[in-house]
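Please work through the following exercises on charged side-chain pairs. Each task is followed by a solution in steps.

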Amino acid sequence: MLLEIINIKKKYGSVMALNDVSLTLGAGVYGLLGPNGAGKSTLIQIITGNLKETSGKISYNGRNIKTCEKEYKKRLGYVPQSQGIYENFSAKKFLEYMAVLKAIAKKEIGSEVQRVLEIVGLLDVQHRKLGGFSGGMRQRILIAQALLGNPELIILDEPTAGLDPKERIKIRNFISRIAENKIILIATHVVSDVESIAKEIILLGQGIVQKQGTPRDLCESLKDGVLECIVSSEQFEQLEREAVISNLQEMPDGNLQVRLLGDETKRKQLAERQIQVVSRFPNLQEVYLAVFTEKSK
């Protein structure tokens, strides 16, 4: 299976939302990371066939999706960023309804609904009305509807938005469990949603692919670009004005342990102020900050 995004452009009036985006995705989990307004949702709307591109094309297994739309939609599962649910429906009834919309054979609907409920851990509450579900449970039921029909391509747009850390981890674990022999694209601005499960990370900003690679390769690209030091509160105030701070921890003695983006020049500047500095290997959050924070340019 192969999803090809080929020279996609999308223009709204004079605004170029996507500018010549090209990606090739095989089986595995991909994280589409970028700040709000980066073009993530626009790209997903085009991939799912819900929005027409200005130019370029989307190809699945070598065929333009516009020439095989019905077949493509059968292979596609989609969880949009915001989707209304029928609060008076039970989980089971909602999934049965969605299965009908997906044209799943009537005789297969019952077993298919039970299959996806088990995957997302909601079998025991399948008769409860959705109006009584927590935010995390609602998100899981939306993932369940995307899994109906066992699609090869699954698109998740901000799947953990508004969820607490415990529910975020649950959603991440579900995604890992269903990832075998599928293409899964997760659009998010939360690095922790994808850093441990993604085969590749795509950093999209201002409608352009800024960086792409494995989490390890992206971190390697920022090698020697992260520093750590211990400073007083007064020193930190100046440091905060001139550098991108990625982490801050108060020490028992009242000083602050600081991680920041900085190269050899920044190291020398800090040394001149009698601040001891060590290099640290970057994490993906720091790569994100380096790409999308103006002070890091």
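**Exercise 1: A pair within one helix**

Being 4 residues apart in helix α7 (residues 215–220), Glu 220 and Arg 216 are separated by about one helical turn; helices (H or I, at least four residues) and strands (E, at least two) are DSSP runs, numbered from the N terminus. The model is predicted: local features need pLDDT of at least 70 and side-chain atom pairs pLDDT 80 or more, while totals for chains, interfaces and linings use all residues. Residues are numbered from 1 along each chain as its sequence is written, and side-chain values use heavy atoms, without hydrogens and water.

Task: State how far apart the closest N and O atoms of Glu 220 and Arg 216 are.

Solution. 
1. The closest N and O atoms are 3.3 Å apart.
2. The pair forms a salt bridge (a side-chain nitrogen of Lys or Arg within 4 Å of a carboxyl oxygen of Asp or Glu).
3. Arg 216 is exposed at 52% relative accessibility, and Glu 220 is partly exposed at 33% (buried means under 20% relative accessible area, exposed over 50%, partly exposed in between; 1.4 Å probe, protein chains only).
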